[in-house]
Amino acid sequence: MKPENEKFNEVVGLLKKSRPLLDSPEEIGNNVIRRLRAEKPKTDILASLTDFLFSWVYIGWVRRTLITASCALILIFIYQQGIILKRIDTLGKQTIITDKANNSTPSDEIERLLTGYKNSGHLFSSRSITISEGQMKELLESVKELQIKYKDLEKIIEEDPDLKKMIEKKLMENDHTKTNL
Amino acid sequence: MIDLKIIEECRSGNFNNFRKLVELSSPFAYSVAFRMLGDEAHAKDIVQETMITIWQKLKKIKTAEGYKVWMYRIVVNKCYDEMRKKKRAPEFITDDKTWEILTNKISEGPSAALENGETTKIIEILTNKLSTKQKAVFVLSDLEGMSNDEISEITGIGKSSVKANLYHARKSISEKIEKYI
């Protein structure tokens, strides 16, 4: 729109001519510089730290590469620490399960039992054995039961000398057969 | 307005050079801010904020023309924010005396000039019905004498939208002038 209104032109002309005057640009300059100076130390701390650590390197790109490499190493270190902590946490949980088992039966006994199971011909597909807490409890209970039965059997044999003799004889015969074989 | 040499000198981080740049460019920034907000203290604050933003991003400025557009863009955006805050608590000046002052000044002829306080009141009564965009376009075009291309670049509004906003602003102001003067 081209305002043909004369009054409009006069008013706008008057306003345009009366440019607002900034009484003291120096004051604005001083305030701005003061604020910038107050903000500056924040960046200086970082700069002084890098200077302290890498001031012995005079070539710019070498210094930048070193700073980048050290930052990368720090990040890798933090990442690895995270993984280690995670693994420790997982292992810690597994230890609790073993401890529960330890309350009922010594660990070397379980190992002995498992080794016996291995040697008895049940081959494992891999070296690691994955066993749940429930299965472990079941196994230990059956072992206990067997131990009790074995003790009872020993008692019965001890109490009956004829039976003892007969069993010893049978065992001797068995050994002899094995030797012959 | 500003020589590229001064901008380049500031990039070295020298505060004295930047002070020079602030003192040279702050009157222009102040003029726009004052005409848009009509408040000396707020306009000064906006100039300071603008200069701090400029210091922080000085490296991005490649040309003197780019600096000018960029500076005005920051000023206008900050004024928008301030005007939005003001809108929540509007202060309408419905002073008949202001129209009287304007009438008297126009009758004085080409020698007439307005003081900052008078400019504030006159702009306020002329533009209080305008939207923030219309006011910004009117101030930049008719009071600061910028082209539509420059306004489009500064405000981020399309050229056709600049023309439309200017048309509506002029129409609204013309109607008021017709009514009161």
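Tutor: Axes are lines fitted to C-alpha atoms, for helices over the stretch in contact, and angles run from 0 to 180 degrees between N-to-C directions. The model is predicted, so local features need pLDDT of at least 70 and side-chain atom pairs 80 or more, while totals for chains, interfaces and linings use all residues. Residues are numbered from 1 along each chain as written, chains are lettered from A and ligands numbered from 1 in written order, and side-chain values use heavy atoms, without hydrogens and water.

Student: How are α8(B) and α9(B) oriented to each other?

Tutor: Helices (DSSP runs of H or I, at least four residues; strands are E, at least two) are numbered from the N terminus. The axes of α8(B), residues 148–155, and α9(B), residues 159–180, lie 9 Å apart at about 105 degrees. Angles under 35 degrees count as roughly parallel, over 145 as roughly antiparallel, 65 to 115 as roughly perpendicular and the rest as oblique. The pair is therefore roughly perpendicular.

Student: How many charged residues has the contact of α8(B) with α9(B)?

Tutor: In contact (heavy atoms within 4.5 Å), B:N148, B:D149, B:I151 and B:S152 meet B:K159, B:V162, B:K163 and B:L166. Ala, Val, Leu, Ile, Met, Phe, Trp, Tyr, Cys and Pro count as nonpolar, Asp, Glu, Lys and Arg as charged, and the others, Gly among them, as polar. Beside 3 nonpolar and 2 polar residues, the charged ones number 3.

Student: Which orientation class holds for α6(B) and α7(B)?

Tutor: Helix α6(B), residues 116–127, and helix α7(B), residues 132–143, have axes that come within 11 Å and cross at roughly 125 degrees. That makes the class oblique.

Student: How many nonpolar residues are in the contact of α7(B) with α9(B)?

Tutor: The axes of α7(B) and α9(B) are 8 Å apart at about 90 degrees, which makes the helices roughly perpendicular. Residues in the contact include B:V137 and B:F138 of α7(B) and B:L166 and B:I173 of α9(B). With 4 polar and 3 charged residues, the nonpolar ones number 6.

Student: Where is the kink in α2(B)?

Tutor: The bend at a residue is the angle between axes fitted to the seven residues ending there and the seven starting there. In α2(B), residues 15–37, a kink of about 40 degrees comes shortly before the proline B:P27, at B:S25.

Student: Which residue follows α2(B)?

Tutor: The residue has a positive phi, near 70 degrees. It is B:G38.
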